[in-house]
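Good morning. Please have the structure open.

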Amino acid sequence: MTATSDQQRHAYVASQAAEARVNVELDTGDMILNIGPQHPATHGTLRIATQLDGELVVKADPIPGYMHRGYEKLTEVRTYRQITTLVNRIDWVGNFANEVPFVLAAERLMEVEAPPRAQWIRTILFEMSRIANISLFLGDMGVQLGALTPVFFAFRDRERVLNQIEAVTGGRFHPNFDRIGGLKDDLPKGWIAETKDCMETMRNFCDEVEDLLLGNPVFQARCRGIGVIPTDVALGYGLSGANLRASGVDWDLRRDVDSPLPYDQIDWKVWTHTDGDSFARFWVRLQETREATLIVDKLLDGLPSGPIMAKVPRIIKVPAGEAYISTENPLGEMGYYIVSKGDVGPFRVKIRTPSFNNIAIVSWVLRGVFVPDVITILGSLYFVLGDIDR
Amino acid sequence: MIADLSFWIFSDYAVSTAIKLAVVMLIIPLTSLILVYVFLFKMMAFMQSRLGPMEAGPHGSLQLIAEALKFLQKEDIHPDNADKHVFALAPIIVLMSTFLLYVVLPVGPDLVVEDLDTGIFYAMAVSSLSALGVLMAGWASANKYALLGGLRAAGQLIAYELPLVLAVVGVVIQAETLSLQGIVHAQANWEIFGIGSGMPFIVTQGIGFAIFMVAAQAELTQTPFDMPVAETELVGGFHIEYTGFRFLLFFMAEFGTAFAFASIASVLFLGGWSLPFVDPTANWLNIVGPGVMLAKILFLSMIIFWVRFTYPRLREDQLQKFAWKLLIPAALANIVFTGVFKVAF
């Protein structure tokens, strides 16, 4: 009896082993799926080559470069005044913010300082382009997750911010307003009251987004615990901006770096979140948008009077030297490293854009998630294609 | 010979069949037209502070006809690697399931194409045919996104078929019939504790109604259950490769089925074409009935599309959990309670 049962047991073990072998041989292999370059979730032409096991992502590689326009090279054959026109096109939804670090770096090399009023107006426009940029993200995150309506609210209210920017600069997408030593023009009449009203609209929009998305159980189910980036990984990959602050790092260049912009003269708050997941990134950006509207209000209240342009020569020749200035742009840390040989144009410009560093983490954070989560994570990391391929 | 043929052509059976066929063929494009215009074009636009189409016809009411004509003019493109026959057949099967649904829908005391004794059973059965068409489309397109979409759709439609059917069982127990016409009559004659006459079943089947609407939302692959199409991740899912006329078939089927499900729900839970305190055999209900029914259908469709335009979508595994862990137990509990109350009262 025992012999039989032993035999049976051996037969059973053998059959199990055989079945295990069969299962190994029947491994169906992984599917390679190209998300992009033409895909609605990539905000342009980013390609992410993913290797899928069913719906599970085994491996993901971001492949940028489909929209490279060679701005770093183009700056070498432009004068300083022409370059602000180019750099507008880097982060095209937060356009004015691109000019600020470049102009600040050039000003440092020339050792000129813009008058206080110019700095304040610069900061106001800087924060408004942040609002224009992130409000689009707030609506777009809904679209990524399948909620169609918030993005239309975003476009509706963002329109007012763009109108205000246009009223000052004359351009909705490409303001080209910042000059070395100051600004092109002063604010138009009645602009301050209108802008305050516009900021009120944006705060209402933030409340609306909070009602529509943040408190929505489906939204929370899709975002909480998805794409968690721990603090050390976030620092290791060189994330910046809201992505870093959502991982619990209290780092904001507006506050932490000495800069001529008058952030130290008003009272404001840096928002952080400790979770590091997609929800935290969304939450931090939402709070930042609201904070930016408050910053604009406070700056408008304390706006000093005076000239808006320092004394600069008619033909700008920047003395030989090197300077790097980075500011807290809507997407993260954006910096310009300018090497000048004393000519009318820079010898070499290195542009550090936040999105390029922020998407480096994609291959780390996308490993082992489901295909729908890929979209959530890409959406919450929030990159602008022009900012990756400049 | 000729006399025989003319006799057959003008026989009652042939004439009534021809009329019924024509009605079903006309109604499906018409219903899609109503739903698309009222909800997809206008309600969605107003929710999103837009105007929607305004140019084609008064307030853009002919927009969908313009769109349909545009689709008809487009080139019929097959992907090279597509399984051509299956690819061509898939949208027809999906639309066929919608057509078959309309056969049993009653809109008046005598206005029904065919009052089957097993009406609701038949409706549930043919509605799940669309899963086959969707899976065929997903597989035959030779596209990875379409494949993912097709498989998602198959899993989802099967998972949500169960709560849908189970939610209906409560109504069937209460009405003691499977015939949709019978269910309407049961509601028109129903009294709850001797109060009222012609109360709709939603009064006692509230849970069943909620489960039915949620499951119908998933069957229709509307947000928050629209992962099979998920335009931001699968870029349209199973119908990614379809263009022109074939895409139009999918489009019509989507909204035609939404209309059909809304009408099934209105028959099961809201009393269909009947009105409270009105004798359901009255002849004038044949004229008023369709209007009453349409009002109820539009109300239910509004809920479906309202949710669609507001909510984000769930993930596939969350959706399955929701079906198996929440909807099906709740539906089973509903059946038990309904059975107990039926026996007790």
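Two residues are in contact when they have heavy atoms within 4.5 Å of each other. This is a predicted model. With that cut-off, 23 residues of chain B are in contact with 35 residues of chain A.

Next, the area. The size of an interface is often given as the accessible area lost when the parts come together. Between chain B and chain A the buried area is about 2,600 Å². Carbon and sulfur atoms give 62% of that. On the chain B side, B:Thr232, B:Pro312 and B:Arg315 supply 24% of the area that chain B buries against chain A, more than any other three residues.

B:Arg315 comes up again. How many salt bridges are there between chain B and chain A? The count is one. B:Arg315 forms a salt bridge with A:Asp373, and the closest N and O atoms are 3.1 Å apart.

Which elements of chain B give two or more residues to the side that touches chain A? They are helix 2, helix 7, helix 11 and helix 12 of chain B. Helix 7 of chain B has the largest share, four residues. By class, that side of chain B has nine nonpolar, six polar and eight charged residues.

Last, helix 12 of chain A, residues 278–301. At 1.5 Å a residue, its 24 residues should span 34 Å, and the end C-alpha atoms are 35 Å apart, which agrees. Of those 24 residues, 20 are buried, so helix 12 of chain A is largely enclosed by the rest of the structure.

Conventions: Residues numbered from 1 in each chain as written. Chains lettered and ligands numbered in written order. Predicted model: local features only at pLDDT ≥ 70, side-chain atom pairs only at ≥ 80, totals over all residues. Heavy atoms only, no water. Buried area = accessible area lost by both parts, 1.4 Å probe. Salt bridge = Lys/Arg side-chain N within 4 Å of Asp/Glu carboxyl O. Nonpolar A, V, L, I, M, F, W, Y, C, P; charged D, E, K, R; others polar. Expected span 1.5 Å × (residues − 1). Buried < 20%, exposed > 50% of the residue type's maximum accessible area, 1.4 Å probe, protein only.
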